[in-house]
Amino acid sequence: MSAEPAEPAVTPTHDPTLKKPLVRIEKLVKHFPAGLGLFGRAVVHAVDGVDLAIAPGETLGLVGESGCGKSTLGRVIVRLLPATSGHVFFKDVDLTAVRGEKLRRTRQQIQMIFQDPYASLNPRMTVGDIVAEPLRNFGVARGRKASQRVQEVMRVVGLNPNFVNRYPHEFSGGQRQRIGIARSLVLNPTFIVADEPVSALDVSIQAQIVNLMEDLQSKFDLTFLFIAHDLSVVRHISDRIAVMYLGKIVEIGPSHAIRDKPLHPYTKVLESSVPVPDPDLEAARKPILLKGEIPSPVNPPSACRFHTRCPIAQPICSEVEPPLEMKENGRFAACHFPGQL
Amino acid sequence: MHAVDGIDFEVDRGEIVGIVGESGSGKTMTALSLLRLIPEPGKITSGRILYGDKDVAQMTDDEIREFRGNDVAMIFQDPMTSLNPVLRVGFQVEEAMAAHRRFTSQQARDRVVPLLQRVRIPAAKDRVRDFPHQFSGGMRQRAMIAMGVSNEPSLLIADEPTTALDVTVQASIIELLRDLSRELRAAVILITHNMALVASLCNRVIVMYAGRIVEEGPTRAIFKNPQHPYTWSLLRSMPRADEVEKERLISIKGMPPDLARMPPGCKFHPRCRFRIDRCLTEEPPLAEVGPGQIARCWVLMKNVENPEAEALK
């Protein structure tokens, strides 16, 4: 044990390497009821105490495996789902508390892009109506002004503005995703949550959408939360990456640093598991295989949630929960033994 | 419509061949036709499928049943819909063996637990009595693989075997497939859209586009020295794993052709940045471009100067 007095730990919302955050998430919790358990009501701990800051103009990637809570976190941030407890600040407005006109004005600056361009567009609405809907909902523009704005954003995302009267089924997957992006842009937002925006697309189309999102970001000064399970795409598009496991964020850091030197054992496992499209790098890659299955979020393990599967777990890991704190400049990990796997 | 048009390839014992392509490229149809499982009203209109020296296309119904059950195993993408939800997993594995009468029912019963152990299902002795819903996605895929290898097939066809699975689970299934191909000395055909999976597992790669083979060769040659513009662009449309600074991805404009309205000439020419006039009218043949490597292109990437700059224009 060191004799020096311990300095207070730095949390992700007070990252000194970051500009003043556009979005600040504090102790965010989202539980879902899961029917009756053995001792009364069972609860799914989908998001369980998340601290996160997103700087203006950056892309923050959020990765994790299915069921880790990443999509739920995205939905709570944009208020598609109410938070159980905790706060989401957007430019100092607490989205979990604000109501009425102020909520509308704030919410207008936050938009979402969804994974499935087949399910997220109403098949009975024309493309023009789909893209114009936010304008009407927020009472921003109607009539001629609205249709001018619609044509403008369609051009921006690479869709032919003459297609406003067509229906979603007349478009391919990649074009539909462009329609979804046009809808998210029409209100001129500052912050966009994109939930697996390219996972449903063919490889050659994925690059089109990734490039488009990068162009839009620099053109309109957008801030992205990019949620995905595909590490290679997330790493490419993101400035920083947050890794989630069973409702908690286990690591945050610059995307290339996380690849080159993961601090949390789970990040290391994830990085080692992804095959890469290069036979030489593949021959050198040694995947670390995890034992067991991902535990149930109804009854998550005590203390560090990864301890049941962690290759380097010690007794302390099941007794004391490691807080998510800064281990190096701009790098956060929730682990008693960071960087040791 | 020709979903698959004039495909020639061979797979040897102990070899893993990857068939890659995007949706609609004909990769799954190719695999299904190997088993004569093409959905109605589709049919094989011409060509031969030789297994050893038997022609699958000419087999009688009894012969094809025998062939599908004993010589070949197929592993599908979605392990959820491939298992019967009301039957115990162990019973389904046993049934797969019993159906083809290679083993007596007692032998089949005795082999279930070792098979589940072989595909690394933990506590296999207890888990044989579980129902599919008690298994996770990865475990279900393992059970499907156990069924597939239960008759010791000499040809294993895996159609997107890891696509529905999480990355950490994917990694263990990849390892399992690699080990099994060695142990069984089976020929393996891996059908996937995932180039990284191919780089990881395959000795040889077949790239399909619009129902045709556009390039084929040893894995390393295809990745390091692709000659068809489609292969080349596909590889550059993915972020590099060792990327240090953000590099612009090379996208392929447009989308694959509708099978009912195929363009004339080279089927890739409407999307190709390197096309010449000849590509618009005349379809190129597959020609040798390197040791064991063939490509269907009039131009070939080795003849293009500074293709990256051209593609990013």
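Q: What share of the contacts in chain B with a separation of 6 or more comes from residues 24 or more positions apart?
A: Such residues account for 62% of those contacts, where a contact means that two C-beta atoms, placed from the backbone, lie within 7 Å. This is a predicted model, in which local features need pLDDT of at least 70, side-chain atom pairs count only at pLDDT 80 or more, and totals for chains, interfaces and linings use all residues. Residues are numbered from 1 along each chain as its sequence is written, while chains are lettered from A and ligands numbered from 1 in the order in which they are written.

Q: How many helices and strands does chain B have?
A: Chain B has 13 helices and 10 strands, taken as DSSP runs numbered from the N terminus (H or I of at least four residues for helices, E of at least two for strands).

Q: What does the C-alpha trace span along its principal axes?
A: The trace of chain B spans about 65 × 50 × 35 Å.

Q: And what percentage of chain B is buried?
A: Of its 313 residues, 43% are buried, that is, with 20 or more other C-beta atoms within 10 Å of their own, C-beta atoms being placed from the backbone.

Q: Switching to α4(B) and α5(B): at what angle do they pack?
A: Helix α4 (residues 89-98) of chain B packs against helix α5 (residues 105-118) of chain B at about 130°, with the axes 9 Å apart.

Q: Which residues of α4(B) meet α5(B)?
A: Gly90(B), Val93(B), Glu94(B), Met97(B) and Ala98(B) do. Their partners in α5(B) include Ser105(B), Ala108(B) and Leu115(B).

How values were computed
Axes fitted to C-alpha atoms, helices over the stretch in contact; angles between N-to-C directions. Buried ≥ 20, exposed ≤ 12 C-beta atoms within 10 Å, placed from the backbone.
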